[in-house]
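This briefing concerns side-chain contacts between charged groups and between aromatic rings. Please consult the sequence and the model shown here while reading.

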Amino acid sequence: MTEKVELVKLKGCKTEAEQLCKIGEEFGEVIEAYREYKRTGCPEHFKEELIDLMQVSFTMLNKIGYTTEDNVKHLRKMQVYKVTKNY
């Protein structure tokens with residue numbers, strides 16, 4: 001049995017195209033929040049926008065059928081990167 005990986009279920013964009021637009025919008029907000037962080041030294045807004053970007057990305061992954069198995073595969077890949085790239 002496969003399960004979806006979710007941060008939280010949100011109502012909102014109905015189509016993949018709409019969700020992709022939302023990802024772009026949130027990415028722009030991340031850039032602006034990063035600039036603010038560099039000016040002020042306060043990371044709070046930057047962190048909030050990064051979490052928002054993660055949420056809309058997870059929502060898109062769920063729309064296209066991302067599963068627990070996909071997540072395990074990705075985490076294994078990240079472990080290899082950690083070792084081979086010295087992260």
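The points below treat the salt bridges and then the aromatic pairs of this predicted model. The structure contains four salt bridges and three aromatic pairs.

- K22 and E26 are joined through their side chains by a salt bridge, with an N to O distance of 3.5 Å.
- Both residues belong to helix 1, which spans residues 16-40, and their spacing of four residues places them about one helical turn apart.
- The contact between K22 and E26 is part of a network of salt bridges that links K22, E25 and E26.
- A salt bridge also connects R35 with E32, and here the closest N and O atoms are 2.6 Å apart. This distance meets the salt-bridge criterion because the limit is 4 Å.
- R35 and E32 are three residues apart in helix 1, a separation of about one helical turn.
- R35 is partly exposed, with a relative accessible area of 45%, and E32 is likewise partly exposed, at 46%.

- The side chains of E44 and K47 form a salt bridge with an N to O distance of 3.1 Å.
- Helix 2 covers residues 44-63 and holds both partners, which are three residues, or about one turn of the helix, apart.
- E44 has a relative accessible area of 42% and is partly exposed; K47, at 43%, is also partly exposed.

**Aromatic contacts**

- A pair of aromatic rings is described by the distance between the centres and the angle between the planes.
- Among the three aromatic pairs of the structure is the one formed by Y34 and Y37, whose ring centres are 6.2 Å apart and whose planes make an angle of 55 degrees.
- Y34 and Y37 are three residues apart in helix 1, so about one helical turn separates them.
- Y34 is partly exposed, with a relative accessible area of 38%, and Y37 is partly exposed at 27%.
- Y34 and Y37 form one aromatic cluster together with F46.

Methods
Residues numbered from 1 in each chain as written. Predicted model: local features only at pLDDT ≥ 70, side-chain atom pairs only at ≥ 80, totals over all residues. Heavy atoms only, no water. Helix = DSSP H or I, 4+ residues; strand = E, 2+ residues; numbered from the N terminus. Buried < 20%, exposed > 50% of the residue type's maximum accessible area, 1.4 Å probe, protein only. Phe/Tyr/Trp six-rings, centres within 6.5 Å; stacked < 30°, edge-to-face > 60°.
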